[in-house]
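Me: I would like to learn how to read the features of a structure. Please take them one at a time, with the general idea before the case.

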Amino acid sequence: DWREIKAEGEEIEQRFAELLRQGCRPDAPEARAAAERHRIHIERWFYPCSLVMHRGLAELYVTDRRFAAHYDGREPGLAEFVSRAITAA
């Protein structure tokens, strides 16, 4: 299961990074779809993740330096993009 979880998570993060590089707005349909896929991934593999909980995670992605470093290490500005896409979803 862990390989599948990691592969799926990698695909989701890669999609967010691609959208950011393409200049996609975080409230665009493609970004909102990526955010929903992210939420479903969490719910499928880890714990129930309501829209409210997902928005709470979105805030952590920019306020907790560990999360921000993870996302921004992949692509500068990605933490903010993911956070805003989740909030827009």
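Me: Which residues does Tyr47 touch, not counting residues up to four places away in sequence?

Reply: Contact means heavy atoms within 4.5 Å. By that rule Tyr47 touches Ile42, Met53 and Leu57. This is a predicted model, where local features need pLDDT of at least 70, side-chain atom pairs count only at pLDDT 80 or more, and totals for chains, interfaces and linings use all residues. Residues are numbered from 1 along each chain as its sequence is written, and side-chain values use heavy atoms, with hydrogens and water left out.

Me: Where is the place of Tyr47, and how far is Tyr47 from Cys24 in space?

Reply: Helices are DSSP runs (H or I, at least four residues), numbered from the N terminus. Tyr47 sits in the loop between H2 and H3. Tyr47 and Cys24 are 23 residues apart in sequence and 29 Å apart in space, taken C-alpha to C-alpha.

Me: Is Tyr47 buried, exposed or partly exposed?

Reply: Buried means under 20% relative accessible area, exposed over 50%, and partly exposed in between, with a 1.4 Å probe and protein chains only. Tyr47 has 35% and is partly exposed.

Me: How many aromatic pairs does a search of the whole structure find?

Reply: Rings of Phe, Tyr and Trp (its six-membered ring) pair if their centres lie within 6.5 Å; planes under 30 degrees apart count as stacked, over 60 as edge-to-face and the rest as tilted. The search finds three pairs. One of them is Tyr61 with Phe67, tilted, at 5.2 Å centre to centre and 55° between the planes. Tyr61 is buried at 5% relative accessible area, while Phe67 is partly exposed at 32%. Tyr61 also forms a tilted pair with Tyr71, at 5.0 Å and 55°. Tyr61 lies in helix H3 (residues 51-63) and Tyr71 in helix H4 (residues 65-74), so this pair ties together parts that are ten residues apart in sequence. Tyr71 is buried, with 4% relative accessibility.

Me: How does the reach of helix H1 relate to the span expected?

Reply: The expected span of a helix is 1.5 Å times one less than its number of residues. H1 (residues 2-21) has 20 residues and reaches 28 Å from its first C-alpha to its last, close to the 28 Å expected. Just after H1, Gly23 takes a positive phi of about 80°. The buried residues of H1 include Ile5, Ile12, Glu13 and Phe16. Among the elements that cover the buried residues of H1 are helix H2 (29-45), H4 and helix H5 (78-88). The buried residues of H5, including Phe81 and Ile86, pack against H1, H2, H3 and H4.

Me: What volume does the largest pocket have, and which residues lie nearest its centre?

Reply: On a 1 Å grid over the protein atoms alone, a pocket is an open set of points where a 1.4 Å probe fits, with protein on both sides within 12 Å along at least five of seven lines; lining residues have an atom within 4 Å of a point. Grid points are joined across faces, edges and corners, and a volume is the space filled by probe spheres set on the points. Here the volume is about 390 Å³. The lining has 18 residues, of which Glu13, His38, His41, Phe46 and Tyr71 lie nearest the centre. H1 gives the most, with seven residues.

Me: What is in contact with His38, leaving aside its neighbours within four places in sequence?

Reply: His38, in helix H2, is in contact with Ile12, Phe16, His54, Tyr61, Tyr71 and Ile86. His38 is buried, at 6% relative accessible area.

Key: Helix = DSSP H or I, 4+ residues; strand = E, 2+ residues; numbered from the N terminus.
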